[in-house]
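Good morning, everyone, and thank you for making time for this. I would like to take you through one structure slowly, so please have the sequence and the picture open as I talk.

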Amino acid sequence: MLLRYFFDADIRDFIPAYDIDQYYYVREARTFAAAAFNGGYYGSNDLTAMVGRYGPHGLAYPLVYGGLASLLGGWRDWLSPALNLAFVTAALLCMAGRLSLGRQLGLVCLFVVFSPTLLYLPLAYQEAPQYALALALAGALAALFNASKAGPVGKV
């Protein structure tokens, strides 16, 4: 809604041109969506991932984003920010069941005012899925902590 209001644009107008890293992430995901592991060679100074011919940032981003794109009918540049938003939203929803209402609101407020979030979510960087993974792991850790506070199961 903010994109439409301020810029008369929407997420489908996204072009990955902010810097070279973002451009490479999108190119690698597009290549994976089209050719899987048979794509081109990515890397500078002969630095590539340990698995595959992708750049030094690794195979995870092209594998997840390109794999989902191939399932969704092919790559479109706006898939990066759309998937970023979907992953972080899903992680926040998973966390919601494990936190009290006050902590949920606190987490959402911190997430909204944390400036890197506002920068990275609508772009094609790897930080957004890393935020989502961190939230999912924190949720699992919170559940373990709450279970340990409740005491052993089966004791009367």
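Leaving aside residues up to four places away in sequence, Q22 touches F14, P16, A17, L123, A124 and Y125. Before I go on, please keep in mind that this is a predicted model.

Let me turn to how helix 2 meets helix 3. Two packed helices are described by the angle between their axes and the distance between the axes. Here helix 2 and helix 3 pack at an angle of about 50 degrees, with their axes 7 Å apart, which makes helix 2 oblique to helix 3. The crossing of helix 2 past helix 3 is right-handed, and the residues making the contact include Y25, F32 and A33 of helix 2 together with Y61, L63 and G67 of helix 3.

Finally, which side chains meet in a salt bridge? They are those of D77 and R30, at 2.4 Å from N to O, and this pair links distant parts of the chain, with R30 in helix 2 and D77 in the loop between helix 3 and helix 4, 47 residues apart. D77 is partly exposed, with a relative accessible area of 22%, and R30 is also partly exposed, with 27%.

How values were computed
Residues numbered from 1 in each chain as written. Predicted model: local features only at pLDDT ≥ 70, side-chain atom pairs only at ≥ 80, totals over all residues. Heavy atoms only, no water. Salt bridge = Lys/Arg side-chain N within 4 Å of Asp/Glu carboxyl O. Helix = DSSP H or I, 4+ residues; strand = E, 2+ residues; numbered from the N terminus. Buried < 20%, exposed > 50% of the residue type's maximum accessible area, 1.4 Å probe, protein only. Contact = heavy atoms within 4.5 Å. Axes fitted to C-alpha atoms, helices over the stretch in contact; angles between N-to-C directions. Parallel < 35°, antiparallel > 145°, perpendicular 65-115°, else oblique. Left-handed = near helix turned anticlockwise from the far one by under 90°.
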